[in-house]
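Reader: Hi! Could you walk me through this structure in plain words?
Author: Happy to, let's take a look together.

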Amino acid sequence: MASTSAGGRGTRIHVVSDVHGNARDLARAGDGADALVCLGDLILFLDYADHSRGIFPDLFGVENARRLVELRTARRFAEARELGARLWAGIDGDRATVIERAVRRQYTELFAAFPTPTYATYGNVDMPPLWREYAGPGIRVLDGERVEIHGRVFGFVGGGLRTPMRTPYEIDDEEYAAKIEAVGEVDVLCTHIPPEVPELVYDTVARRFERGSRALLDAIRRTRPRYALFGHVHQPLVRRMRIGATECVNVGHFAGTGEPWVLRW
């Protein structure tokens, strides 16, 4: 994109996804940028690389976290749910209340770390009803909506599609497609999940195909945005590819790298 800002500096937008509790690096993610874009997954429920981090090990210990990761990686989802049910049976208090309390602690820290301005959408592990309480001035939350940022139109679609993982913000394919349709033609299409392309949805460490969106892929081919930006797949087989006129980019696993992806024009 051509430089358009005063003094020839151009516009610089930093993009992050899959923050998963990394408030320390999030606090500096907007340094030097005109705006920060966040593609969701703020919550850290369970760290697949470090089993001592997250809500699950805080409640049930590192060994149970290791076992849950092992079962999920092996796609033994029924056994993973049975393990979770046994562990939750031993917890005092309502499960939803316990989880919400832990999520609120993370959201308090993470939303305080966002710079101004921030444009954000939800990931599949986020809890959208709580965002309204924590997104203060300077943080704009968008889902199935579009906004102009320094002369370019950005569209945002949050959440993920239904999976055996049953994460908090998974929705039906039809609902997701309707949000894509509502966004329409944009310069930069921002989503949490990738388009349904095998190279973009395969996680080389988890050794499985994550769910991508066919409706998103169709929209990219039809509306030809300059960029399609997403996260969700932490260790993708391919991080970047061109689909027609559109540069498709997995902006990276921010929880692991601590570095934003940079968009300039």
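**A walk through the model**

Author: Ser-213 lies in the loop between strand 11 (208–209) and helix 9; helices (H or I, at least four residues) and strands (E, at least two) are DSSP runs, numbered from the N terminus. This is a predicted model, where local features need pLDDT of at least 70, side-chain atom pairs count only at pLDDT 80 or more, and totals for chains, interfaces and linings use all residues. Residues are numbered from 1 along each chain as its sequence is written, and side-chain values use heavy atoms, with hydrogens and water left out.

Reader: Thanks! Is Ser-213 buried or exposed?
Author: Ser-213 counts as buried, because its relative accessibility is 2%. Buried means under 20% relative accessible area, exposed over 50%, and partly exposed in between (1.4 Å probe, protein chains only).

Reader: And what does Ser-213 touch?
Author: Leaving out residues up to four places away in sequence, Ser-213 touches Leu-161, Tyr-176, Ile-193, Pro-194, Pro-195 and Glu-196. Contact means heavy atoms within 4.5 Å.

Reader: What does its side-chain oxygen do at the start of helix 9?
Author: That oxygen of Ser-213 reaches to within 3.3 Å of the backbone nitrogen of Ala-215.

Reader: New topic! Where is His-20?
Author: You'll find His-20 in the loop between strand 1 (12–16) and helix 1 (23–26). His-20 counts as buried, because its relative accessibility is 9%.

Reader: Which backbone oxygen lies 2.7 Å from a polar atom of its side chain?
Author: For His-20, that is the backbone oxygen of Ile-43. Not counting residues up to four places away in sequence, His-20 touches several residues, among them Asp-41, Arg-53, His-234 and His-253.

Reader: Last one: which residues of helix 3 meet helix 4?
Author: In helix 3, they are Asn-64, Arg-67, Leu-68, Leu-71 and Arg-72. On the helix 4 side are Phe-77, Glu-79, Ala-80, Leu-83 and Leu-87.

Note on methods: A polar contact is a pair of N or O atoms within 3.5 Å; within protein, one must be able to donate a hydrogen and the other to accept it, and residues adjacent in sequence count only if both atoms are side-chain atoms.
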